[in-house]
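Student: Hi! Could you walk me through this one? I'd like to start with what counts as a contact.

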Amino acid sequence: MLLQIEQISKRFGSRDVLHDINIHLAAQETVAIVGVSGTGKTTLFNLVAGLDQPDTGRVLLNDVDITNTTGHVGYMFQKDLLLPTATIVDNVALPLRLKGMSKRAAREQASPAFARFGLDGTQHLYPAALSGGMKQRAALLRTYFMHKPLMLLDEPFSALDAITKRDLHLWYQQMREELKLSTLLITHDIDEAILLADRIYLVGNTPTTVLDELVVDRGNTSLAEFELTPTFAATKRQILQGLAML
Ligand SMILES: Nc1ncnc2c1ncn2[C@@H]1O[C@H](COP(=O)(O)OP(=O)(O)OP(=O)(O)O)[C@@H](O)[C@H]1O
């Protein structure tokens, strides 16, 4: 197993936020965590990234305990957080610079990947010149250059309009195959979870715990078609029921 989140609990003051969370993710899987706003998804994300400490439980990456230590996973937040005063290539190459690479070498390594991410020609532009979808692709490319075995994506597409979002979903699905990505995706967009994830954990209740785990079986259906299938609708129904929204 690539990632194991074992019996994680977390409280802030007198408030229990997470209770006995158990989640796992295999290499090359995309796993989504779905829950309504305020259920502690970002808190969980911070615990996996080592940015915060759980009260109980542990996080294992390739069987190594990484609880409360940073630098093991790549992550991307909801807002693209590109540096406005740096060009796109320098933004994307930032993880390489942080590893000690020279500016020139980092640019040379980052630039060839731009075409695959649909960003060719944007290397020397500043973030303000890019559309929302392009900014998210640039942020994803930067996350990719962290060169970590696991990517944590917290609401990566939520700020985008519906058409751009769909475009990026299709693009992401292709990228994950080509680059053999392993991804933990946090979202409150149910359709997005069904489209992108191989498995979905539903979280909720007070304190938050895992309510249900679903396997999404897309079979051989293309992503564009899958949204229109009875399987998609049945999975959505199961999620809405699981979250007591139906
Ligand atoms: N550092 C903190 N101190 C105190 N309370 C906190 C802290 N961080 C988060 N919380 C509380 O924990 C709960 C869960 O917050 P969190 O941001 O993890 O939820 P979320 O599911 O990611 O929500 P959203 O989808 O709206 O981002 C919230 O009630 C929040 O107020």
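Tutor: Happy to. Two residues are in contact if their C-beta atoms, placed from the backbone, lie within 7 Å. Keep in mind that this is a predicted model.

Student: At what angle do α5 and α6 pack?

Tutor: About 25 degrees, with the axes of α5 (residues 132-144) and α6 (residues 162-179) 10 Å apart. Angles under 35 degrees count as roughly parallel, so α5 is roughly parallel to α6. Their crossing is right-handed. On the α5 side, the contact uses G132, G133, Q136 and Y144, while α6 brings T164, D167, L168 and L179. By type, that makes three nonpolar, four polar and one charged.

Student: New topic: the backbone. Which peptide bond is cis?

Tutor: The one from T206 to P207 is cis, with omega near -10 degrees. P207 sits in the loop between β9 and β10. Most peptide bonds are trans.

Student: And what is phi of K180?

Tutor: Near 55 degrees, a positive value in a residue other than glycine. K180 is in the loop between α6 and β8.

Student: Is K180 buried or exposed?

Tutor: Exposed, because 9 other C-beta atoms lie within 10 Å of K180, and 12 or fewer counts as exposed.

Notes. Residues numbered from 1 in each chain as written. Predicted model: local features only at pLDDT ≥ 70, side-chain atom pairs only at ≥ 80, totals over all residues. Axes fitted to C-alpha atoms, helices over the stretch in contact; angles between N-to-C directions. Helix = DSSP H or I, 4+ residues; strand = E, 2+ residues; numbered from the N terminus. Parallel < 35°, antiparallel > 145°, perpendicular 65-115°, else oblique. Left-handed = near helix turned anticlockwise from the far one by under 90°. Nonpolar A, V, L, I, M, F, W, Y, C, P; charged D, E, K, R; others polar. Buried ≥ 20, exposed ≤ 12 C-beta atoms within 10 Å, placed from the backbone.
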